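Good morning, and thank you for joining.

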Amino acid sequence: MNTEANISRADFLKKIPFMLFRKIKPHWEESAAPQQSMGALIARVDISRCLAWGQMECQLCYLACPLRDKAIEMREHKPFIIAAGCDGCGMCVDACKTINNTPALDRVPSSGLERGK
Ligand code: SF4
Ligand code: SF4
């Protein structure tokens, strides 16, 4: 039996009134446009703000990353972003915000940065 609790995503989308979707779509495309022109985003560490680079113990960003050791590594107790492996999800940025008023991580467009270092 197909109850509201276990409805599939495809069925749910079919139930959205078409007119409602038409009203949302222009705003959706507008908000997506700047992101597309910036290219893919990747994380970047500002070592002047990072606790680990300041000789304190911290690895929250590393622990929060779903692509740990592919997108971010701890080298000698300091975080390094591996540009080629980072998908820009921002979970490391959110983790850093929990301990820093001004986070030591942000996301920047990958275009123009050398990848794979
Ligand atoms: S969470 Fe922030 S302060 Fe901590 S190691 Fe990562 S970048 Fe540095
Ligand atoms: S942006 Fe996402 S994938 Fe990239 S280092 Fe941060 S948590 Fe990992």
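Which of the 13 residues around ligand 2 come nearest? They are Cys65, Cys86, Cys89, Gly90 and Cys92. Here a residue is near a molecule if one of its heavy atoms lies within 4 Å of it.

A word on conventions. This is a predicted model, in which local features need pLDDT of at least 70 and side-chain atom pairs count only at pLDDT 80 or more, while totals for chains, interfaces and linings use all residues. Residues are numbered from 1 along each chain as its sequence is written, chains are lettered from A and ligands numbered from 1 in the order in which they are written, and side-chain values use heavy atoms, leaving out hydrogens and water.

The shell of ligand 2 consists of ten nonpolar residues, two polar and one charged. In this scheme Ala, Val, Leu, Ile, Met, Phe, Trp, Tyr, Cys and Pro count as nonpolar, Asp, Glu, Lys and Arg as charged, and the others, Gly among them, as polar. Around ligand 1, the division is eleven nonpolar, one polar and no charged. Among the residues there are Cys50, Cys58, Cys61, Cys96 and Asn100.

Is Asn100 buried or exposed? Asn100 counts as buried because its relative accessibility is 11%; buried means under 20% relative accessible area, exposed over 50%, and partly exposed in between, with a 1.4 Å probe and protein chains only. Beyond its neighbours within four places in sequence, Asn100 is in contact with Arg49 and Leu51, contact meaning heavy atoms within 4.5 Å.

Finally, Pro109 counts as partly exposed, at 28% relative accessibility. Its C-alpha atom is separated by 4.4 Å from that of Leu41, 68 residues apart along the chain.
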